[in-house]
Amino acid sequence: MKYQPVPSEIGPERITVMQGQAHVGSGRSEILTTVLGSCIACCLYDPVAQVGGMNHFLLAEPQGGRGTVSDETYGLYLMEVLINEMMKKGASKSRMKAHIYGGANMHAGMTRIGDANAAFASKFLNDESIALVHRDVGGESARRVDFDPVMGRSRCRTVERVAAPTQTPTLRPQKVRGDVELF
Amino acid sequence: MSQNINVLTVDDSASMRALLKAALTSRGYEVVQAVDGVDALEWLDRNPGVDVIVTDINMPRMDGFGLIEALRGQSRFRDCPILVLSTESSDEKKARARSAGATGWIVKPFDADKLDSALRRVTH
């Protein structure tokens, strides 16, 4: 596994990026962090604007959700939220570089949802012409990811299975599920 | 099936364009696509027009607000329905779109059935 060290100075605020969230660095000293099982975290960074951010998503819907189309739509949504928020802070999509982490298949014999999540992330980045500079995906271990959004550096460590987040997807925000408002 | 309804989608994300095209063509729409506001205006200059336009807001070169304002400034697009499809959902952004001349606002992630229903309503 390839590590890209995060500065160890005391002081940076640690911000946890939960499943279903995207967070862009404020420009202050801070570390974006998350723990992943089969979920994917995508870290994007524009080295010129020194703007970075992380999202954390799982394509699978909770029970009662819709089909594969809405699954993909949800992944696209969280990628687009991250990209748009970075662009608002001066980043350019054409300069963005990506790291992706997670996508573990935590339970042998079950659907390899981690592989599907990782494949989605890789395809998205390829389709959007965003350079994928580092990936650490697959396997059967949970991961903790730390990302410095100002320097664009990340660190990924495997963690004990017991520390892995639940495999049950959290409910998605209903207020952003295709609401239509005609003026 | 919504046969013979021509839709122009405007979005800088190739992934979103592909998803929109699949969702709309499977429901019978004729779909053409542009990558931003400038691309959309250039296509519309060269072609007879469309029945409805679905546009993102955050795009390079010309964003969705600029596109709507440019289209409403042309007499042939004064009555063309224009729906915004965006991850944004603030009242401020919606008010700006409405002021520019948008017909409606749909929040991503979109539901294909709701999008279909909205397109039918604004084109009939």
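Student: How are residues, chains and values to be read here?
Tutor: Residues are numbered from 1 along each chain as its sequence is written, and chains are lettered from A and ligands numbered from 1 in the order in which they are written. In this predicted model local features need pLDDT of at least 70, side-chain atom pairs count only at pLDDT 80 or more, and totals for chains, interfaces and linings use all residues, while side-chain values use heavy atoms, with hydrogens and water left out.

Student: In what order do the elements of chain A run from the N terminus?
Tutor: Helices (H or I, at least four residues) and strands (E, at least two) are DSSP runs, numbered from the N terminus. Chain A has two helices and 10 strands. From the N terminus on, their order is β-β-β-β-β-α-β-α-β-β-β-β.

Student: What percentage of the residues of chain A count as buried?
Tutor: A residue is buried under 20% relative accessible area, exposed over 50% and partly exposed in between (1.4 Å probe, protein chains only). Chain A has 183 residues. The buried part of chain A comes to 50%.

Student: Which residue does the side chain of A:Thr34 meet in a polar contact?
Tutor: A:Thr34 lies in strand S3 (residues 30–36) of chain A, and at 3% relative accessibility A:Thr34 counts as buried. A contact means heavy atoms within 4.5 Å; beyond the neighbours within four places in sequence, the contacts of A:Thr34 include A:Val17, A:Met54 and A:Arg143. A polar contact is a pair of N or O atoms within 3.5 Å; within protein, one must be able to donate a hydrogen and the other to accept it, and residues adjacent in sequence count only if both atoms are side-chain atoms. At 2.7 Å, the side-chain partner of A:Thr34 is A:His56.

Student: How much area do chain A and chain B bury between them?
Tutor: In chain A, 23 residues are in contact with 30 residues of chain B. Buried area is the accessible area (1.4 Å probe) that two parts lose on being put together, summed over both. Carbon and sulfur atoms hold 57% of the area, and the whole is about 2,500 Å².

Student: How many salt bridges does the rule find across the interface of chain A and chain B?
Tutor: A salt bridge is a side-chain nitrogen of Lys or Arg within 4 Å of a carboxyl oxygen of Asp or Glu. A:Glu80 forms a salt bridge with B:Lys108, the closest N and O atoms being 2.7 Å apart. Across the interface of the two chains the count is four.

Student: Which element gives the largest share of the side of chain A that touches chain B?
Tutor: Between chain A and chain B, 10 residue pairs are in polar contact, both residues at pLDDT 80 or more. The elements of chain A that give two or more residues to this side are helix H1 (68–88), helix H2 (113–127) and strand S10 (180–182). The largest share, 10 residues, comes from H1(A).

Student: Which residue of S5(B) stands opposite A:Val180?
Tutor: Two strands pair if DSSP finds at least two bridges between them. S10(A) and strand S5 (residues 104–107) of chain B pair in the antiparallel sense over three bridges. Opposite A:Val180 stands B:Ile106.

Student: How many residues apart are B:Asp11 and B:Lys108?
Tutor: B:Asp11 forms a salt bridge with B:Lys108, with the closest N and O atoms 2.8 Å apart. B:Asp11 is in the loop between S1 and H1 of chain B, and B:Lys108 is in the loop between S5 and helix H5 (112–123) of chain B. B:Asp11 is buried at 2% relative accessibility, and B:Lys108 is buried at 0%.

Student: Which residue forms a salt bridge with B:Asp113?
Tutor: B:Asp113 is partly exposed, with a relative accessible area of 39%. B:Asp113 lies in helix H5 of chain B and its partner in the loop between H1 and strand S2 (30–34), so the pair ties together parts that are 86 residues apart in sequence. The salt bridge, 2.7 Å from N to O, joins B:Asp113 to B:Arg27.

Student: Are B:Glu88 and B:Lys93 buried or exposed?
Tutor: B:Glu88 and B:Lys93 form a salt bridge, their closest N and O atoms being 3.5 Å apart. Both residues are buried.
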